Amino acid sequence: MQIDIIGVPIDLGADRRGVDMGPSAIRYSHLQNRLEALGYTVQDEGNIEVAIAEMCKITDAKMKYIDCIVPVSRRIAGAVATSVQAKNFPLVLGGDHSLSIGSVRGAARNRKIGVIWIDAHPDFNTAETTPSGNIHGMSLALLAGMGDPRLVQLWDENIPVIDPTKIAIIGARDVDGGEKANLQKAGALVMGMEQIDRYGMVAAIEKAIERVSRDVDGIYLSLDMDALDPQHAPGVGTPVPAGLTQRETHLACEMIAETNKLIGMDLVEVNPILDGQNKTAALAVEFALSALGRRIWNGQS
Ligand SMILES: [Mn+2]
């Protein structure tokens, strides 16, 4: 199988600068070589063109930079749709989590997909509920069809939105009040940190996989590095304490790989300015390898 690396140097959806350098930081951690060592053919498609904040205006304080995010989302969706259509595997490097508005919808072109969203935040705000106006906190709601029609429709209202009952959020621990109401209305599955502590990652990810993989053509994984505990992944714009361990995150990726249904993946919110020794980007590469089938030798085979 061929893996298509697609960089999205976007920070327009977030409050913090530096996340636009995430794709470079992840590439710097030998992403391509490591994937090739697993036996994949790798094609780096370069970066999607993204305007910088200085070129864009905030016309709506509740939907910051929407005028620039709409065309970027269309470009991302096109690139990801082309990759999936060619039976390749798009690996999308961010960049803030607003990029998933395009990547996930692109993967959903002409097919039904389930989505696993590993994140400290559900990203399920709308213009009515957002405390910040930052669009990276609205991506998943938009994917499920809730929110500003410019970002729900993208370029073609015939592209289906994601069935919210085929969405599972893993690792949530920072949920806004109105966001919670949106989630309940939509019916998405939320496996927060408390449930992961109580029942373990195995049970949490099994439940998520069961929920999102029924009657779909594939699963898309969107991994926000802020899902990790900040001691492991300090290079993120919105760190939240008491998060996932490295092994819990690997296990989630390994179990998703075992389904053989994964059709694409995002690695988002890597901010090298806030990082130390590029460790968050290096960790992101390790999770991509786990999601793409790397196994730790079990002592038998
Ligand atoms: Mn996120």
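Contact here means heavy atoms within 4.5 Å. With that in hand, here are some notes on this predicted model.

1. Let's start with Lys166, which sits in the loop between helix H6 (149-153) and strand S5 (167-172). Leaving aside residues up to four places away in sequence, Lys166 touches Ile113, Gly114, Val115, Arg211, Val212, Arg214 and Val216. Lys166 counts as buried because its relative accessible area is 14%, and the cut-off for buried is under 20%.

2. Next, the metal site. Four residues coordinate the manganese ion at 2.0 to 2.3 Å: His97 through ND1, and Asp119, Asp123 and Asp224 each through OD. Along the sequence, these donor residues follow the spacing H-x21-D-x3-D-x100-D. Asp123 and Asp224 link distant parts of the chain, being 101 residues apart. Asp123 lies in the loop between strand S4 (113-118) and helix H5 (139-143), whereas Asp224 belongs to strand S7 (residues 218-224). Both Asp123 and Asp224 are buried.

3. Helix H7 (residues 177-186) is worth a look from the end. Its buried residues are Glu179, Asn182, Leu183 and Ala186. Viewed down the axis of H7, they fall within an arc of 100°, so they line one face of the helix. As a reminder, an α-helix has 3.6 residues a turn, so residues three or four places apart point the same way.

4. What do the buried residues of H7 pack against? Their partners are S5 and strand S6 (189-192). On the face turned away from the buried side, H7 carries the exposed residues Gly177, Gln184 and Lys185. After H7 comes Gly187, with a positive phi near 85°.

Conventions:
Residues are numbered from 1 along each chain as its sequence is written. This is a predicted model: local features need pLDDT of at least 70, side-chain atom pairs count only at pLDDT 80 or more; totals for chains, interfaces and linings use all residues. Side-chain values use heavy atoms; hydrogens and water are left out. Donors are N, O and S atoms within 2.8 Å of the metal (3.2 Å for Na, K and Ca); water is not among the atoms, so sites may look incomplete. Helices (H or I, at least four residues) and strands (E, at least two) are DSSP runs, numbered from the N terminus. Buried means under 20% relative accessible area, exposed over 50%, partly exposed in between (1.4 Å probe, protein chains only). The arc is that of the directions from the helix axis to the C-beta atoms.
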